[in-house]
Amino acid sequence: MENTMDKEIMMEDRISSRRLTVTITKIWWERIIVHIDLQLTYADESLKGEKFDVYAVDQNFHAKARFKQTIVDEEHIRLSMNMTNPGNCECLPMGSYFFYVCRKQEILAKCVMAHELVPEAENVSRSFLHNNRTRGYLVNFYVTEGENDLPLLMHIMDAMKVSMEQESNGEIVKSAVTDPAIKMKKNAGRMRWKAYYHGQVKKYKDRQKVIMFMTEQSDTLGTNLQAVYDRMCERGLDKEYTILFSARPASYIRQARSSTKELLHKLAQCDMVFIDDHVPLFDWLTLDKRTKLIQLWHAGAGFKSSGYSRWGHLGCPAPVSCHRQYRYGIAGSRQIGKFFSEVFGINDDQILPTGMPRMDEYLDEAFREKKTAELYEQYPMCKGKKVILFAPTYRGKNRKTAYYPYHMIDFQRLYDFCGEEYVVLFKMHPWVSEAVPIEEAHKDRFVDANKYPNINDLFYITEILITDYSSNIFEYSLMRKPMLFFAFDKIQYSFSRGFHRDYEEAAPGKVCYTFAQIMDALEQKDYEYEKVEQYVDKHFDYIDSHASDRVIDWILLGNIPEDIQKKLRHIEKVNQRLPLLNFSALEEEERS
C-alpha cells in the first residue's frame, strides 16, 4: 500500500457546488481557548451524519491547525482551539487564516459570519502579553471586505513594544548602540553554552541508560524526584542505570560559570531528565533529541492558573519555553490531566495519570503513625486537641515579593473560638518570609509552624484545613476531613493569577469571603463536607502507594498502557499529516 504520509495531499475544491453552508453563530473565549459555534445548512441531505474536519488555512494555502470538535447535533458543531497549542505543542504561527470545512480531501465550505455577529468580531479579538509585557500575541477577527458571504478571517501577530513618542537623535543613537549590545552580549553567552553542550553531546552520543534528577529551584531535590529515586534504589535499578543529580537554586540566585558547565556536562550524557518545576535554562537551551525531559510537577491540582493557562498575565511564559520540551508530565487522574497539559502547552495524552510519587510515603500507614508521634512530641499542645491548620498560598508576583496580609485574620476571635477544644497551626507558603504575628497571650493556642519542612505531615493531625487557592487541598482531601476556603480577594486574585476552573464549584468545602464568615462556619460546623468525596473521586485514579512504580514502569521502562499509547500515536499521525495538506486548489477562488 502506498504511504500517503510522505507526500503532499492535494485537497479538492468543492465549495462552488454549495452542498454545504457553514455559518459562525458565536465566538467566545475560555482563558487561552477560543470556541466557535457553527451552524450547518445542508443543500445535499446525503452529507448529514458525515464526519467533517475544520482547518485553519493560511494565505499560502497550507493548513496550520485542525480544530477540535464537539458535535452538538447534525446541524450544530462547536470548534475549539488552544491558541498556545493547537495540537503540535507550539503557538499558532503568525499569519491570516480562513476556516475551511472538509470531508476527507474535499473542501466543502468556507466558514462565514452570521450577519448579526459581524459587529462583535472586533470585541472577541484578544491580545496576550508576554515577555514581561514587552511583546503581545494578538488574535484578531475580521470579516473579509468585498465579499457577500462575510467569510471570517483570523489574523495572528506577535508584536513588540515600540515608543509612541518621537525620539531625539541622541536617544535613537543611544538605543541603537546600547540595546543591541546588551542583547548581543546575552545571546553570545548563551551561544557559547549551547556550543559547549552540543560538543559534549557528540562526546557521549553512544552512552546509554543515564538519567538525571534535576531542580533549578532549590539546593535539594523535591519530594517527587526523591520518591522516584528512592524507589529505583529499592528495586535495584540504581545498578542498571547511571543516575546523576543536579540541585541548585538557579531560578533566583545567580550561579557560577563552573556550576553551569558541570550541569551541561551532565545533561549531555542523559537519556532522560526528571524535573519537578520550571527550569529557566531550558527556556533557551533545547535538549538533544535523544534526551527525554519528564515533568514530575511538584503540585497537585489546585485552582490557580500557571504557565500557559495564565498567558497574558504578568509572569507568563514566552511562546517558546521550557514547558514545550516535555515528553510527558504526570497527574493524579485522567480527568484532571487537561489542567496540566494546558499549563505546559502540550497535548492532553502526554499527561500520564500515574499519581504523585510523593504520595507513596504519605499514604503509607507505618509512616503516618511514625510522623504523628513525632508531631505530638514537637507540638505537645496539639495532643488531645482538635487541630485547625491555617495554610494559605502567598500574595505577590514571585519569591522576592511574596507576602500574606495577616491583618485579614481576626486573631482574637479565632483564639476565643479555640477555647479548650482547638489549637491552630499556622503554616504559610515557603516564600512568605514574615513570621505570623502571634501575640504572647495567644501562644497557648496558636503555633507558627512555618519552619516545619513538609506540610503533608501536618495533615495527619489536622481536623480542619483553612486555605484559599493552594494546591495543598490535593493531598489533604485524602484525609477526608473538612476544609474551609478564605477567599477574601477572589476577584483580584482571579484577575492577576487566573483560575483554570470555576472556583466555587471546584472548592471541596465552604467558600468564605470574610473572616467573619470563616468564624461563623467554624462555630456552626458548616463545612459543606459532601464536596470532599466528590473532589477525591475526580482527582484520583489510584489511591495507593505505587505512584513511583508507575512513573518507573510507564516512563522509564517504557510500559505506558496501550490505550494511552494509541492516543499518542493518533495525535502524532495527525501532526504528521497536517503539513502535507495542500489547499492550493482554492487559489483561483481567492483571486476571484
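Modeller: Ala, Val, Leu, Ile, Met, Phe, Trp, Tyr, Cys and Pro count as nonpolar, Asp, Glu, Lys and Arg as charged, and the others, Gly among them, as polar. The model is predicted, with pLDDT of at least 70 needed for local features and 80 or more for side-chain atom pairs, while totals for chains, interfaces and linings use all residues. Residues are numbered from 1 along each chain, and side-chain values use heavy atoms, without hydrogens and water.

Biologist: Are H2 and H14 roughly parallel or roughly perpendicular?

Modeller: Axes are lines fitted to C-alpha atoms over the stretch in contact, and angles run from 0 to 180 degrees between N-to-C directions. Angles under 35 degrees count as roughly parallel, over 145 as roughly antiparallel, 65 to 115 as roughly perpendicular and the rest as oblique. H2 (residues 223-234) packs on H14 at about 80°, with the axes 9 Å apart. The two helices are therefore roughly perpendicular.

Biologist: Which residues of H2 meet H14?

Modeller: Contact means heavy atoms within 4.5 Å. On the H14 side are Ser 548, Asp 549, Val 551, Ile 552 and Leu 556. Facing them in H2 are Ala 227, Val 228, Arg 231 and Met 232.

Biologist: What volume does the largest cavity have?

Modeller: A cavity is a set of points on a 1 Å grid over the protein atoms alone where a 1.4 Å probe fits but cannot get out. Points are joined across faces, edges and corners, and the volume is the space filled by probe spheres set on them. The whole structure has one cavity of 30 Å³ or more. The space in the largest cavity is about 60 Å³.

Biologist: How many residues in its lining are nonpolar?

Modeller: Lining residues have an atom within 4 Å of a point. Two polar and three charged residues belong to the lining of the largest cavity. The nonpolar residues in that lining number nine.

Biologist: Is Ser 433 buried or exposed?

Modeller: Ser 433 sits in the loop between strands E22 (422-426) and E23 (446-448), where a strand is a DSSP run of E, at least two residues. Its relative accessibility is 73%, so Ser 433 counts as exposed.

Conventions:
On a 1 Å grid over the protein atoms alone, a cavity is a set of points where a 1.4 Å probe fits but cannot get out, and a pocket is an open set with protein on both sides within 12 Å along at least five of seven lines; lining residues have an atom within 4 Å of a point. Helices (H or I, at least four residues) and strands (E, at least two) are DSSP runs, numbered from the N terminus. Buried means under 20% relative accessible area, exposed over 50%, partly exposed in between (1.4 Å probe, protein chains only).
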